[in-house]
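Please keep the sequence and the model in view while reading.

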Amino acid sequence: MALQAIAFYLMAAVTVAAGFGVVSARNPVHSVLWLILAFFSAAGLFVLMGAEFLAMLLVVVYVGAVAVLFLFVVMMLDVDFTALRQGFARYMPLGLLIAGILAVEMVVVSSTVATQGAAKGGDVPMASGAGADVTNAEAIGRVLYTDYVYFFQAAGLVLLVAMIGAIVLTLRHKPGVKRQVIADQVLRSPKTGMRVVSLKPGEGVEQ
């Protein structure tokens, strides 16, 4: 228990510090790196809580896909971050108000869940068809691929559209840059691939 407590406080401190680094870093690339560190620390906290499925989602989905994709988008897009920061002071009071409302809601929800859990003796509802010998990942998989399979497919389509949109945003066609055309290479023949000219002594070939 002492080792678990030390690991919890250590990873919680790293998560809070990384979250502060996300919002305070001036460079967007540094913000993404802090975000990745926060995800890894939060994944460790989920492992300590026994929610290994959520920890895997944080590492595989958010770190491996969302954060890395955001990092590449930030590095490839020529975004004027100076212009984006001009309205920061103007919207600061509204941002603080919204942050305060969210903090109050989190405290109310956490206290309500803790109170109800203590009143019910700490029983945690299991998924349908899940017994005591079923892991969290297996229980969530049973529910996800049976009761919520259509919602799962819809989420996959949304992610596919987002991926295509990110590729379209980062794909740029610069004028004057030679690009590979596969069709022209496949249909290339001796007549189109070479030109026979007759040169006179002392003369060159015009391009």
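By class, how many residues in the lining of the largest pocket are nonpolar, polar or charged? The lining has 13 nonpolar residues, 1 polar residue and no charged residues; here Ala, Val, Leu, Ile, Met, Phe, Trp, Tyr, Cys and Pro count as nonpolar, Asp, Glu, Lys and Arg as charged, and the others, Gly among them, as polar. The model is predicted: local features need pLDDT of at least 70 and side-chain atom pairs count only at pLDDT 80 or more, while totals for chains, interfaces and linings use all residues. Residues are numbered from 1 along each chain as its sequence is written, and side-chain values use heavy atoms, with hydrogens and water left out.

The volume of this largest pocket is about 390 Å³. Among its 14 lining residues, Leu57, Val61, Phe152, Ala155 and Leu159 are the closest to the centre. A pocket is an open set of points on a 1 Å grid over the protein atoms alone, where a 1.4 Å probe fits, with protein on both sides within 12 Å along at least five of seven lines; lining residues have an atom within 4 Å of a point. Grid points are joined across faces, edges and corners, and the volume is the space filled by probe spheres set on the points. At least two lining residues come from each of helix H3 (52-76), helix H6 (136-144) and helix H7 (149-170), and H3 gives the most, with 6 residues.

The chain as a whole has 9 helices and 0 strands. Helices (H or I, at least four residues) and strands (E, at least two) are DSSP runs, numbered from the N terminus. Of the 207 residues, 14% count as buried, a class that means under 20% relative accessible area, with exposed over 50% and partly exposed in between (1.4 Å probe, protein chains only). Contact means heavy atoms within 4.5 Å; of the contacts in the chain with a separation of 6 or more, 49% are between residues 24 or more positions apart.

The largest nonpolar core comprises 10 residues, namely Val32, Ile36, Phe39, Ala42, Ala43, Ala55, Leu58, Val63, Ala67 and Leu71. The elements that give two or more residues to this core are H2 and H3. Such a core is a set of buried Ala, Val, Leu, Ile, Met, Phe, Trp, Tyr and Cys residues joined through side-chain atoms within 4.5 Å. Leaving aside neighbours within four places in sequence, alanine 43 is in contact with Ala55, Leu58 and Val59.

Serine 31 counts as buried because its relative accessibility is 13%. A polar atom of its side chain lies 3.1 Å from the backbone oxygen of valine 22. Beyond four places in sequence, serine 31 is in contact with Gly21, Val22 and Ala25. Not counting residues up to four places away, serine 41 touches Met11, Val14 and Thr15.

Alanine 5, in helix H1 (residues 2-24), is partly exposed at 31% relative accessibility. Its C-alpha is 9.4 Å from that of leucine 48, 43 residues apart in sequence. Valine 73 of H3 is buried at 18% relative accessibility. Valine 73 and alanine 166 are 93 residues apart in sequence, with a C-alpha to C-alpha distance of 7.3 Å. Outside the four places on either side in sequence, valine 73 touches Ala166 and Thr170.

Terms used:
A polar contact is a pair of N or O atoms within 3.5 Å; within protein, one must be able to donate a hydrogen and the other to accept it, and residues adjacent in sequence count only if both atoms are side-chain atoms.
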